[in-house]
Number of protein chains: 2
Amino acid sequence: MIYAELISIGDELLSGLTIDTNSAFIAQQFESIGIFSRWKTTVGDDLDDICGALESALARADVITLTGGLGPTHDDMTKKALCRHFNVGTKFYPEILEKMRLRFERRGYPFPIINRNQAEYPEVAELMHNSAGSAQGMIFKVGEKQIFVMPGVPREMKAITTEEILPRLMNQTSHRMVRMEIHTTGVPESQLFEQIHEIFEAEPAVRVAYLPKHTGVTIRLSLADEAEASARAILSNLVEKVTRRMPEGVFGSGNDTLPGVVGELLKLRHLKVATAESCTGGLIASMITDVSGSSDYFETGFVTYADKVKQSLLGVPPDVLKNEGAVSEATIRHMLAGALERTSADYAIAVSGIAGPTGGTPEKPVGLVWIGVGRKDDFVVKRYQFGRDRVMNKEMTAMAALNQLRIKLQQDFVGCI
Amino acid sequence: MIYAELISIGDELLSGLTIDTNSAFIAQQFESIGIFSRWKTTVGDDLDDICGALESALARADVITLTGGLGPTHDDMTKKALCRHFNVGTKFYPEILEKMRLRFERRGYPFPIINRNQAEYPEVAELMHNSAGSAQGMIFKVGEKQIFVMPGVPREMKAITTEEILPRLMNQTSHRMVRMEIHTTGVPESQLFEQIHEIFEAEPAVRVAYLPKHTGVTIRLSLADEAEASARAILSNLVEKVTRRMPEGVFGSGNDTLPGVVGELLKLRHLKVATAESCTGGLIASMITDVSGSSDYFETGFVTYADKVKQSLLGVPPDVLKNEGAVSEATIRHMLAGALERTSADYAIAVSGIAGPTGGTPEKPVGLVWIGVGRKDDFVVKRYQFGRDRVMNKEMTAMAALNQLRIKLQQDFVGCI
């Protein structure tokens, strides 16, 4: 197994004003060819710290990347650290300077002399071509260990990683990493774990990660194998088993999104859906229309935020609003009926709840939401209790509503979900 | 000077599938109270590596944060590592378990026993309250040095950092970093720079960063000073100058959001707005209703995604749709008029465009959007050309529409914006 350590250099990374996405990119690229990152370190533009990080890394890893701290305005701290570490001077490459000068000339810019240091590199460095910029990549060898050095500009880092580093490392590894994701909603992480973890016990080589968000949990399966096809078959099998075990919770895998899955189910049968939203304020319609081609199955959305608009646009009777309140099963049933009568949709979604943070009462606390889905005379209406955060409540309501519609569509047309 | 080292724990961070935004947040918060992060380290859910990282950090830093590796399905590697490092066992807190059980009960979920480990903590740990989840924060002291431990879920990490850690550290430092942000929309970064950069030349100690997103550019000003009040005065003055120079582009500062600013303008004058959306599919209504209290000024949203619904719900004449098309100034004017006639709103927003990626023609390419705002017989309708990405087009349209309404409201009631 080849282990990597990724070092990111830059004051702006340490202060947190720039988020380090470079090392995530490198780690993913490495993992896809079976090289695993075991440590990541971030240090500032500081000679001692760069040298210290490099020494620690050489004690632990086979492949080391250093990213950042190159380029005309960075004082070339990274090159200085490498010269110090290897106890060498720099070498001047006139052909690199000339190429740079020509590029500036072609664009009609004057050539700032500060660029001269872009043509100087530590004596023992082997250079790697940078197709996206002027700072060249570098390779250093220490016995069997390899150090790859790149500028921190993401575009340049990506060019050097994919065009120069990966081809060199690929024939040093045989492992390949295969990944699959299962997307769920409406089931808490711990309950999900209890219900499905024994499925994974049959495949102990598969790494399982639960990635929870308030809108749902994604389960990520990873398997490293020399034979990519067999790894793929093992993971597909697990995805299928989990999906069959939890048909109400699992809405998709891979690149599936819940609005996309619902859209496919509707499109397949030439059906249309209309929305009648109160507490989500248009979010459900917006999620449906995030999907390209959604105009095939979505034509109308009502955002009825006030009681009198539930009356005028959807025909909810005033006495229902008065006696049961806007957040009630009865109101939802009238919203569904109204949306179906006043549009040509086959299915409707209706939601009404108390998004918060204000507006709750002891009987109807913040986070209480009623959600209904259905077709003419055939509604499924459920009560949910979400949390205190307004925007999170909107998002959880929208996900629950779309999932309720997905389950209903699957029941109506497959007989079981 | 107090130095910090930030340790992030998690296999998913090492593999690069999750990007570490937590340590950026912590670093920024620390910097605001004069604590500087000198190293960041990321290790996996591995006992040896967590212990190794902690030992290195204790040799270098005064304040150490450990984030991640807590929670029911993470094997509690972080707690195990701390028990090993301090050579102690765990202590069980029955009151924490009971609180958790009650929360599950309230939501009507069964209580999985796997959660029991959320009530066990290393004997020498002082606990910190987690207002956003069940895994408590922990503090360990090693002489003068302090170790703060938090779960990796960003919401929980943020709650513990701001509510527990910062108040404890604040009285140990004297430097204060004051930051202010100016939010703009609709002006490209380079144009913004050209128009305002000379304003900042008078205050060379202020660091200026331009943070561009597709929905707008935020300008962040930072100034470190022992006298917080004088730093605050300098930055406030700059914010005011920039706002006055670019009243159409600058919509707010600090925690202002565009829907929030628009909401304030409406509420102040007891006005109501209605939305009539085509290409944004409900996003504008959803953004308006993200603001708590929006029911004071928002009652009705129409999502008219199909031509015939623009006709039936808003009264756009069929011949206008046929001759001018749904994406046209004429259609927008009828959508505005319809929304105002059919609701009790004082102002309306209407948008229609080609979100893409399909549906474009040479005359009406993907990204073409018409946006109108106004009150009875007084409309401002403009044409925009955005890009090729569907979701980005929706977001840019929604921001442009809300900004157009903000400018109109300011013109109508202040005389000038």
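Modeller: A polar contact is a pair of N or O atoms within 3.5 Å; within protein, one must be able to donate a hydrogen and the other to accept it, and residues adjacent in sequence count only if both atoms are side-chain atoms. Between chain B and chain A, 35 residue pairs are in polar contact, with both residues at pLDDT 80 or more. The side of chain B that touches chain A holds 27 nonpolar, 25 polar and 17 charged residues (nonpolar: Ala, Val, Leu, Ile, Met, Phe, Trp, Tyr, Cys and Pro; charged: Asp, Glu, Lys and Arg; polar: the others, Gly among them). This is a predicted model, in which local features need pLDDT of at least 70, side-chain atom pairs count only at pLDDT 80 or more, and totals for chains, interfaces and linings use all residues. Residues are numbered from 1 along each chain as its sequence is written, chains are lettered from A and ligands numbered from 1 in the order in which they are written, and side-chain values use heavy atoms, with hydrogens and water left out.

Colleague: How do you know that chain B and chain A are in contact, and how many residues take part?

Modeller: Contact requires heavy atoms within 4.5 Å. On that criterion, 69 residues of chain B touch 69 residues of chain A. The two chains bury about 5,500 Å² between them, 56% of it on carbon and sulfur atoms; this is accessible area (1.4 Å probe) lost when the two parts are put together, summed over both.

Colleague: What makes B:Glu299 and A:Lys308 a salt bridge?

Modeller: The rule asks for a side-chain nitrogen of Lys or Arg within 4 Å of a carboxyl oxygen of Asp or Glu. B:Glu299 and A:Lys308 have N to O at 3.4 Å, so the pair qualifies. Six salt bridges are found across the interface of chain B and chain A, and the count over all chains is 44.

Colleague: Why is the pair of B:Arg38 and A:Asp49 said to join two chains?

Modeller: The closest N and O atoms of B:Arg38 and A:Asp49 are 2.7 Å apart, and the pair forms a salt bridge. B:Arg38 belongs to strand S2 (residues 35-43) of chain B and A:Asp49 to helix H3 (residues 47-60) of chain A, so the pair joins two chains. Helices (H or I, at least four residues) and strands (E, at least two) are DSSP runs, numbered from the N terminus.

Colleague: How do you know that strand S14 of chain A and strand S14 of chain B pair, and in which sense?

Modeller: Pairing requires that DSSP find at least two bridges between the strands. Residues 298-304 of chain A and residues 298-304 of chain B, each forming S14, share five bridges, so they count as paired, in the antiparallel sense. Within this pairing, A:Phe302 stands opposite B:Phe302.

Colleague: What makes S10(A) and S11(A) a hairpin?

Modeller: Two residues link S10(A) to S11(A) in the hairpin. Strand S10 (residues 207-213) and strand S11 (residues 216-225) of chain A pair in the antiparallel sense over seven bridges. A:Pro212 has A:Val217 in S11(A) as its bridge partner.

Colleague: How is chain A divided into domains?

Modeller: The bounds come from an automatic or database domain assignment, which gives domain 1 (2-169), domain 2 (176-253) and domain 3 (258-414) in chain A. The C-alpha centres of domain 1 and domain 2 of chain A lie 37 Å apart. Four residues of domain 1 and five of domain 2 make the contact, burying about 390 Å², with 48% from carbon and sulfur atoms. On the domain 1 side, A:Glu31, A:Ser32 and A:Phe36 supply 75% of the buried area, more than any other three residues.

Colleague: Why does the pair of A:Glu31 and A:Arg179 count as a salt bridge?

Modeller: The closest N and O atoms of A:Glu31 and A:Arg179 are 2.0 Å apart, so the pair meets the rule. One salt bridge is counted between domain 1 and domain 2 of chain A.

Colleague: What makes the bond from A:Gly356 to A:Pro357 cis?

Modeller: Omega for that peptide bond is near 0 degrees. A:Pro357 lies in the loop between strand S15 (347-353) and strand S16 (368-375) of chain A. In chain B, a cis peptide bond joins B:Gly356 and B:Pro357, with omega about 0 degrees.
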